[in-house]
Amino acid sequence: MLVQLGLAPAVADPLQGDEADWLKTMAFAAHQTNYSGEFVYQSGGRVEMSRITHIFDEDGEHERLEGLGGGRRELIRNNDQVWLYTDGRKVRVEKRQIRRAFPALLPERISALKENYSIRREEEDEVAGHHVHTVVFQPKDNLRYTRKMWAHYDSGLLLKAAVMDDHGYIIEQYAFVQLNINGNIDRKWITQDKPSPAELAPPPQASPLAKAEQLVESSGWQVDALPSGFKKILEMRRPFRENKEPVIHMVFSDGLAGISVFIEKVNELDHFHSGLAGQGSVHVYNRVVADSLVTVVGEVPARTVIQVADSVRYAGQ
């Protein structure tokens, strides 16, 4: 069930001087603050609990994320190295460079957000026993979602975040329910032994295309109707499904929301039809273009992924 959250009418952007500095503090707080706590993710009837521990020291960032549902599953990150522990195994995984994870949702370049969002501070509140103030990012068009964030009053650490639709209803939400900031935080997990060569080796069934290849030059595909402010972050070839050929993967972001475009060569196109699906704030839309299937995945409204997918075309090399 969606929850309605009252929003004040849109006003001129008041963030100047100290306000802009505070947003930068929020952006860096998730990387430079020591904290440990449990947070809940809610979307519709879906509820997930996780525990996160983050340490920032002379060696950089260390983070441990544990799922509190059935089965042991956790991610441990030491700067750019990420390890997944699941079903008694430990494997190295690719660090997600584009999609931001709670509580590190804000980009470092705040000025870019102001081009496409009206940003305003609202009421003070309390989350997980901590004093917070709130900031609303309201889009200047109807092609992205409104976001509301509750930040720790002293450190700027994000303690709660909600994504809302055009009517102010919450689509999905993250919120700490218990949190220790800059206190006595366990660090023993940081010095865990590195995995053996066998754990680092790819599984026997892995194909030679198991590694994504970032493209220096354009693939020849282009997107003509991106919403204002969305910039291409990267373009790569990567394995997808069971295709013998890698697919083209383009990633775009406006700083808060991300859109991915996948283009794959397919046989027997009669089996593929245009379609829309969604869960939480993410929508997926695909359509056939010539002999390729175009799939657009985005943390944006349905109308946006449809607009983007309908504008994808091959422009040649």
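Hi everyone, thanks for coming. Before we start, please keep in mind that this is a predicted model.

Let's begin with strand E16, which covers residues 247-253. How many of its residues are buried? The count is 7 of 7, so E16 is mostly covered, where buried means under 20% relative accessible area. And that holds for both faces of the strand. On one side we have Val 247, His 249, Val 251 and Ser 253, and on the other Ile 248, Met 250 and Phe 252, all of them buried.

Now, which strands does E16 pair with? One is strand E15, residues 231-238, which runs antiparallel to E16 and is joined to it by 7 bridges. If you want a place to look on screen, find Lys 231, whose bridge partner in E16 is Ser 253. Another is strand E17, residues 258-265, again in the antiparallel sense, with 6 bridges to E16. Here you can look for Val 251, which has Ser 260 as its bridge partner in E17.

Let's move on to charges. The count of salt bridges in this model comes to 17. I'll show you three of them.

First up is Glu 38 with Arg 51, a side-chain salt bridge at 3.2 Å, N to O. This pair links distant parts of the chain: Glu 38 sits in strand E2, residues 35-43, Arg 51 sits in strand E3, residues 46-57, and the two are 13 residues apart.

Next is Arg 46 with Glu 48, where the closest N and O atoms are 2.6 Å apart. Arg 46 is partly exposed, with a relative accessible area of 33%, and Glu 48 is partly exposed at 34%.

The last pair is Arg 120 with Glu 122, with 3.1 Å between the closest N and O atoms. What is the state of Arg 120, buried or exposed? Arg 120 is buried, because its relative accessible area is 6%.

Here is another arginine for you: Arg 77, in strand E5, residues 73-78. With 14% relative accessibility, Arg 77 counts as buried. What does its side chain contact? One partner is the side chain of Glu 61, through a polar contact of 3.1 Å. The side chain of Arg 77 also reaches the backbone oxygen of Asn 79, at 3.1 Å.

To finish, let's go to the surface. Met 49, Leu 68 and Val 177 form a nonpolar patch there, with about 210 Å² of accessible area together. Val 177 belongs to strand E12, residues 169-181, and is partly exposed, given its relative accessible area of 46%.

Notes:
Residues are numbered from 1 along each chain as its sequence is written. This is a predicted model: local features need pLDDT of at least 70, side-chain atom pairs count only at pLDDT 80 or more; totals for chains, interfaces and linings use all residues. Side-chain values use heavy atoms; hydrogens and water are left out. Helices (H or I, at least four residues) and strands (E, at least two) are DSSP runs, numbered from the N terminus. Buried means under 20% relative accessible area, exposed over 50%, partly exposed in between (1.4 Å probe, protein chains only). A polar contact is a pair of N or O atoms within 3.5 Å; within protein, one must be able to donate a hydrogen and the other to accept it, and residues adjacent in sequence count only if both atoms are side-chain atoms. Patches are made of residues with over 30% relative accessible area and no salt bridge: like charges are joined within 9 Å, nonpolar side chains (Val, Leu, Ile, Met, Phe, Trp, Tyr) within 5 Å. Accessible areas come from the Shrake-Rupley method with a 1.4 Å probe; for residues, only the protein chains shown count as cover. A salt bridge is a side-chain nitrogen of Lys or Arg within 4 Å of a carboxyl oxygen of Asp or Glu. Two strands pair if DSSP finds at least two bridges between them.
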